[in-house]
Amino acid sequence: MTGRRTVIIGAGVVGAALADELSARGWSDITVVDQGDLPATGGSSSHAPGLVFQASGSKALTEMARYTVEKFLSLEHEGESCFLQVGGLEVATSPERVAELHRRHGWLTSFGIESRIVDTDQSVALHPLLDRDRVLAGLHIPTDGLAKALGAVEAQIELAKGRGVKFLARHEVLDIKAEDGQVVAVVTDHGEIPADVVVCCAGIWGPKVAALAGMNLPLTPLGHQLAWTAPVPALEGQTEEAVRPILRHQDADLYYRDRYDTLGIGYYGHRPMPVDANDLLSVDEAEVMPSVLSFTDEDFEPAWEETQSLLPSTLDTKIEEGINGIFSFTPDGMPLLGESPDLKGFWVAEAVWVTHSAGVGRAMAEWLADGHSSSFDLHECDVNRFEDFQKAPDYVLERDCQNFVEVYDILHPLQPMESPRGLRTSPFNARQQELGGFFLEATGWERPQWYDANAALLEKYDVPEPNAWAARYWSPIVGAEARATREGVAMYDMTALKRLTITGPGATAFLQRLTTGNIAKSVGSVTYTLLLDVDGGIRSDVTVARLGEHHYQVGANGALDTDWFGRHLPTDGSVQVTDITGGTCCIGLWGPLAREVVQPIADSDLSNDGLKYFRAKRLHIGNVPVTAWRLSYVGELGWELYTTADLGLRLWDTLWEAGQEHGIIAAGRGAFNSLRLEKGYRSFGTDMTFEHDPYQAGVGFAVRLDKGDFLGRDAVLERKESVTKTLACLTIDDAAGTVLGKEPVFVDGRPAGYVTSAAYGYTIGKGIAYAWLPAEVAEVGRQVEIGYFDRRVPATVTAEPLFDPQMTRLRG
Ligand SMILES: Cc1cc2nc3c(=O)[nH]c(=O)nc-3n(C[C@H](O)[C@H](O)[C@H](O)COP(=O)(O)OP(=O)(O)OC[C@H]3O[C@@H](n4cnc5c(N)ncnc54)[C@H](O)[C@@H]3O)c2cc1C
């Protein structure tokens with residue numbers, strides 16, 4: 001017998017996929033329980049119309065969708081394939097949507113799925129019901145199609161049963177039993193099932209089931225309208241279930257599929273209809289099924305009117321039936337996968353569409369069996385990515401409803417959430433507002449992108465205008481702030497970066513084990529280092545300052561880092577990890593004049609000898625006790641100055657006042673990002689993620705193979721010898737060619753990779769784009785093209801860093 005005793009809760013399309021994938025990996029003691037009948041349990045999979053559109057801005061979701069397509073194509077149910085590969089067509093009825101289709105075509109190209117932009121005639125040829133006068137263009141994805149969701153559930157159940165998996169219908173889970181922080185059993189209305197691993201695949205019931213294990217799932221079930229027409233005369237005689245591509249009309253929040261001579265119509269344009277998971281009816285109480293609410297005709301009226309305009313042949317038919325079907329939404333629109341932080345052995349695979357279900361099944365099976373997924377990068381899907389405030393019921397409800405509203409909207413990569421705003425503000429917020437900060441939002445933090453108060457700098461600096469899309473959430477002031485930082489001195493609010501302390505007698509050994517660097521240096525040392533997974537993939541990059549013998553401060557990337565540290569803590573209590581982000585703040589004081597500003601008001605020597613590069617020490621600046629770290633992500637002389645939140649405003653004012661005679665400015669994230677890319681500093685989550693190793697990502701310098709064992713060492717040692725892809729630095733000569741990220745890169749006219757971070761480099765006078773490319777084509781000087789909307793932007797692979805490769809400014 002292999003694997004642990006495993007109970008999967010829920011036999012929908014996710015639970016069935018997981019049972020199949022896990023048993024295929026040799027796990028033999030698996031029980032799947034469902035409160036409903038099998039295979040039509042009454043959950044969302046029981047009525048899903050099964051449209052699989054693979055296009056997404058998320059690489060992981062795109063790859064999961066592709067896997068689902070491939071798997072369902074290979075599955076049969078009652079002699080028929082579980083996937084009807086009729087293709088997908090997304091149409092545009094507005095010029096903005098035409099541009100958006102080009103952007104989506106770019107994503108598909110980046111992530112390896114064939115698609116093409118088609119004109120009006122081609123769109124109508126693909127889907128003859130379309131009104132030629134309404135359609136401006138289309139995006140055709142030949143491999144999209146219709147998943148036969150229930151068929152796929154049944155086929156996967158059969159496969160799993162063949163490997164000995166038990167399926168128990170009409171078993172409702174009432175409780176999860178735990179001992180010493182470990183799951184031990186699942187309690188059902190028919191008794192207890194012992195378990196070492198429990199995976200909650202309970203769909204819209206997820207929050208209710210997870211709560212049994214003490215877990216707060218940020219998920220809201222929401223009603224979504226799906227209607228079916230009576231026969232459409234133009235489809236008379238259609239004997240195949242579907243022949244036309246599945247159709248998306250995102251300008252009006254609509255999608256369509258054929259079903260013989262009728263049409264299915266899905267609508268996201270109506271008011272959000274949230275449902276509390278605890279209020280869902282039981283299988284026996286529900287009129288149709290628990291995941292279905294009654295159709296509300298009045299909500300569907302605009303959809304029907306628009307349908308009759310886009311597909312005029314529907315004027316000759318009517319709506320025959322409809323449902324307000326319920327499925328799951330999350331605060332960022334991504335699935336919730338992973339293990340509870342508090343209860344070992346309790347896992348969730350929640351908020352998953354049919355589209356991604358087989359991919360999620362595979363990802364979860366790999367994660368459970370091997371400790372990580374080797375097929376998909378799950379950093380955007382990990383259930384532990386949220387901060388505590390993002391699990392507040394009001395936040396979850398508001399964000400989930402908003403994600404329903406925006407599901408088909410055109411969203412700019414920098415577009416902040418509209419609401420709730422003002423959740424997390426640094427102590428400098430009042431000053432930032434006085435300076436006319438233009439605020440964007442990140443993990444709840446209000447962060448100035450630039451300051452209107454710096455407009456006068458435009459008299460000094462000539463800042464080129466990017467193209468219209470790149471010019472959103474942008475001002476020429478961004479460029480002026482970047483230039484002024486390189487020439488003078490600027491204050492950057494770095495408060496939003498996560499800060500942890502790692503303390504206790506075991507802290508040094510713990511960090512030596514979890515990081516790739518040697519952090520066991522003298523007190524005052526600062527180390528840029530990496531956290532790796534067992535397969536050598538990058539979990540995060542962190543900066544570790546040794547502030548005392550058993551006291552480290554870690555500059556981290558987010559909640560996943562806290563979770564990672566927490567999971568690896570020794571059980572003897574010798575190490576404590578504390579999140580100090582909220583109670584502290586940080587100003588990056590950077591630029592060639594930084595020392596002139598701070599030295600006169602500091603009670604300690606900040607000369608080159610007084611505090612060397614990558615060293616930290618405590619001192620006072622005016623009345624404020626600070627810890628100064630001598631480093632800079634913008635590549636200029638200066639310090640990150642940390643203090644407690646109560647003294648933050650005083651620190652700002654003190655520096656501001658001292659800086660006046662040196663022309664100090666406050667500068668925003670726009671300038672920061674540009675300066676960072678000029679220096680080639682990678683950003684975790686964008687430039688490098690779980691799927692990349694340090695040598696591919698160009699951060700191999702942070703791996704100290706000679707320091708002894710650490711997590712991931714064996715794997716990186718092996719991966720070091722076979723670097724087949726690399727994060728390359730591209731420059732773009734034309735300012736108007738500025739790109740924003742996720743665009744495909746073409747080498748010799750063929751798709752070869754995709755852009756990660758991009759910005760205009762105001763000092764070097766060129767656009768910058770980092771991109772993943774096959775190692776063999778990424779040689780310096782290589783001409784490539786970046787697909788940007790309907791254009792190809794010429795770019796050149798360039799040696800990095802683009803600015804100050806000798807590091808004279810940082811060490812100055
Ligand atoms: C109208 C509508 C249209 C949709 N269209 C599409 C589409 O075109 N394409 C697409 O990709 N997705 C679509 N979706 C979304 C998709 O249907 C769902 O995301 C997907 O089916 C969820 O699968 P699941 O296995 O997570 O959940 P479910 O299928 O709901 O399975 C969860 C299972 O858990 C069981 N369960 C819950 N609590 C307990 C308990 N306490 N004890 C025992 N068992 C329990 C339930 O009975 C249920 O069987 C649509 C959804 C709706 C509502």
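1. An N or O atom in the side chain of Thr41 lies 2.5 Å from an oxygen atom of the ligand, a polar contact in the sense of a pair of N or O atoms within 3.5 Å (within protein, one must be able to donate a hydrogen and the other to accept it, and residues adjacent in sequence count only if both atoms are side-chain atoms). Backbone atoms also take part: a backbone N or O atom of Val14 is 3.1 Å from an oxygen atom of the ligand, and a polar backbone atom of Val354 is 3.1 Å from an oxygen atom of the ligand. The protein buries 98% of the 1000 Å² that the ligand exposes when taken alone, with areas from the Shrake-Rupley method and a 1.4 Å probe.

2. The model is predicted: local features require pLDDT of at least 70 and side-chain atom pairs pLDDT 80 or more, whereas totals for chains, interfaces and linings use all residues. Residues are numbered from 1 along each chain as its sequence is written, and side-chain values use heavy atoms, with hydrogens and water left out.

3. The ligand is surrounded by 35 residues, the closest being Asp34, Thr41, Ser45, Val352 and Thr355; a residue is included if one of its heavy atoms lies within 4 Å. By class, this shell has 19 nonpolar, 14 polar and two charged residues. Here Ala, Val, Leu, Ile, Met, Phe, Trp, Tyr, Cys and Pro count as nonpolar, Asp, Glu, Lys and Arg as charged, and the others, Gly among them, as polar.

4. At least two residues of the shell come from each of α1 (13–24), β16 (220–229), β22 (319–329) and α8. The largest share, three residues, is supplied by β22. Helices (H or I, at least four residues) and strands (E, at least two) are DSSP runs numbered from the N terminus.

5. Helix α8 (residues 354–370) also packs against helix α2 (residues 59–74): their axes come within 7 Å and cross at roughly 95°. The two helices, α2 and α8, are therefore roughly perpendicular to each other, a label for angles of 65 to 115 degrees (under 35 is roughly parallel, over 145 roughly antiparallel, the rest oblique). The α2 side of the contact consists of Leu61, Met64, Ala65, Tyr67, Thr68, Lys71 and Phe72, and residues on the α8 side include Val354, Thr355 and Arg362; contact means heavy atoms within 4.5 Å. The residues of this α2 and α8 contact comprise nine nonpolar, five polar and two charged.

6. Helices α1 and α2 pack at an angle of about 75°, with their axes 14 Å apart. Axes are lines fitted to C-alpha atoms, for helices over the stretch in contact, and angles run from 0 to 180 degrees between N-to-C directions. Val13, Ala17, Asp20 and Glu21 of α1 meet Tyr67, Lys71 and Phe72 of α2. This contact of α1 with α2 has four nonpolar, no polar and three charged residues.

7. The Leu38 to Pro39 peptide bond is cis, with omega near 0°, and Pro39 sits in the loop between β2 (30–33) and β3 (51–52). The peptide bond from Glu800 to Pro801 is cis, with omega near -5°; Pro801 lies in the segment after β43 (791–797). Asp804, found in the segment after β43, has a positive phi of about 50° although it is not a glycine.
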